[in-house]
Amino acid sequence: MNRLVWKLLRQHISIGQLGSFIMANIFGMVIVLLSVQFYKDVLPVFTEGDSFMKKDFIIATKRVSTLGSLAGKSSMFSPQEAEDLKKQPFTKRMGMFTPSQFQVSAGLGMKGTGIYISTDMFFESVPDEFVDVKLDKWQFHPDTRLIPIIIPRNYLNLYNFGFAQSRNLPQLSEGLMSLIQMDITIRGNGRAEQYKGNIIGFSNRLNTILVPQSFMSWANNNFSPDKEPRPNRLIIEVNNPADAAIAEYFKKNGYEAEDGKLDAGKATHFLRLITGIVLAIGLAISLLSFFILMLSIYLLLQKNTDKLEDLMLIGYSPQKIALPYQLLTVMLNAVVLIISVAIVIWLRTYYINSIQSLFPQMHKGSMWLTAGTGIVLFLTVSVINILIIKRKVIAIWFRKK
């Protein structure tokens, strides 16, 4: 390494200026990384355990009133009503719940208990893109006579913490439920056939017993060919659940959002908004600290201009002269990244335990996204620093020439 350039660099380094840069950059970096990590940790509380960037879905139903019931008013959506909702500015895409037009009964036996539970039930389906579980087993083939089923997660909770406790029955985990097959009997069109039902997942979004759309179309055509299924629920993906136009449209048309999903969507949108504001503040502080560093490097170069020009005259290239300054900025940025990540890990221990005590079902997420964000910022800032220093040194070279 060029010892002469390093000696020049050490002579005019301002510990105060570099210290100010490090403190300001750590402060800004911690805000950015902590915002990303806090958002990732807290979002499942609002979205009930779904993915990090869960889309905003609203399930629309028609309001059921006493007068409407007495008058025989239908709760089904007409094709015109569905099309009108689909054309609204706040709707990104829309799907329909397709109800079963045939009779369904299911039985489930528990070995060792002597208990066999049997009940009438119903099926519904939605387009696959609205299903919030993995779809690798979400196919139906008539030859296999196996029906994939998704049930609401709260159904399992009702069994475990209600029915099972009152009857001294064993509680069932989600993994165990996926190994149990139900006996499904389908009746309609003068036929009665037996199938097996396999629970492949549990939904937080859809409060219904869900089967694949392919099965529903096949079964309705075979067991109730004379009936046309009409949806009484619609699922829509919206741009912004806090949009006042949604509430106004629902009120005007007598629609309701199931299970307060409109309010939950507003909470999620508010969380994203606050996180965005905090991220912007952190990035602004990081940007200011970046200018502090560049100002310090510029002052170093300015103080050493004459000596750097002499070094160039005796054969040192601009690249060799710029290298120590570039390495200095990269090392400082690396120190900032390491300290910032350590502070975020330390701060996270204070709030993650509180969140998990309030929501025991929430799983502790990883910090890969936060670490990745920090590395991206480190690389971006370091590359910009290297290019700016190189440009400044080359400018000194051309001025001397």
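In the predicted model, four strands form an open sheet in the order β2-β10-β1-β11, and their pairing is antiparallel. Strands β2 (91-96) and β11 (255-257) are the edges of this sheet, since each of them pairs on one side only. Direction ignored, neighbouring strands of the sheet are turned by 30° against each other on average. In general, the strands of a sheet pair through backbone hydrogen bonds, in either a parallel or an antiparallel arrangement.

The pairing of β2 with strand β10 (residues 233-238) is antiparallel and runs over five bridges. Within this pairing, Met-96 has Leu-234 in β10 as its bridge partner. Helix α4 (residues 79-86) packs on the sheet and touches β1 (57-62), β2, β10 and β11. The direction of α4 makes about 155° with that of β2.

Strands β2 and β10 are also joined through side chains. The structure holds seven salt bridges, and one of them is formed by Lys-92 and Glu-237, with an N to O distance of 3.4 Å. Because Lys-92 lies in strand β2 and Glu-237 in strand β10, this pair ties together parts that are 145 residues apart in sequence. Glu-237 has a relative accessibility of 5% and therefore counts as buried, the cut-off for buried residues being under 20%. Lys-92 and Glu-237 also belong to a network of salt bridges that includes Arg-93.

Glu-193 takes part in salt bridges with two arginines, Arg-145 and Arg-191. In the pair with Arg-145, the closest N and O atoms are 3.2 Å apart. This pair links distant parts of the chain, as Glu-193 is in strand β9 and Arg-145 is in the loop between β6 and β7, 48 residues apart. In the pair with Arg-191, the closest N and O atoms are 2.4 Å apart. Glu-193 counts as buried because its relative accessibility is 18%. Arg-145, with a relative accessible area of 33%, is partly exposed. Arg-191 is likewise partly exposed, with a relative accessible area of 30%.

Strand β9 is also in contact with a helix. Helix α7 (residues 213-223) has the buried residues Phe-215, Met-216, Ala-219, Asn-220 and Phe-223. These residues lie on the same side of α7, because they cover an arc of only 125° around the axis. The buried residues of α7 pack against β9 (191-203), and also against β3 (98-99), β6 (124-125), β7 (146-152) and β8 (181-188).

How values were computed: Residues are numbered from 1 along each chain as its sequence is written. This is a predicted model: local features need pLDDT of at least 70, side-chain atom pairs count only at pLDDT 80 or more; totals for chains, interfaces and linings use all residues. Side-chain values use heavy atoms; hydrogens and water are left out. Buried means under 20% relative accessible area, exposed over 50%, partly exposed in between (1.4 Å probe, protein chains only). Helices (H or I, at least four residues) and strands (E, at least two) are DSSP runs, numbered from the N terminus. The arc is that of the directions from the helix axis to the C-beta atoms. Contact means heavy atoms within 4.5 Å. Two strands pair if DSSP finds at least two bridges between them. Axes are lines fitted to C-alpha atoms, for helices over the stretch in contact, and angles run from 0 to 180 degrees between N-to-C directions. A salt bridge is a side-chain nitrogen of Lys or Arg within 4 Å of a carboxyl oxygen of Asp or Glu.
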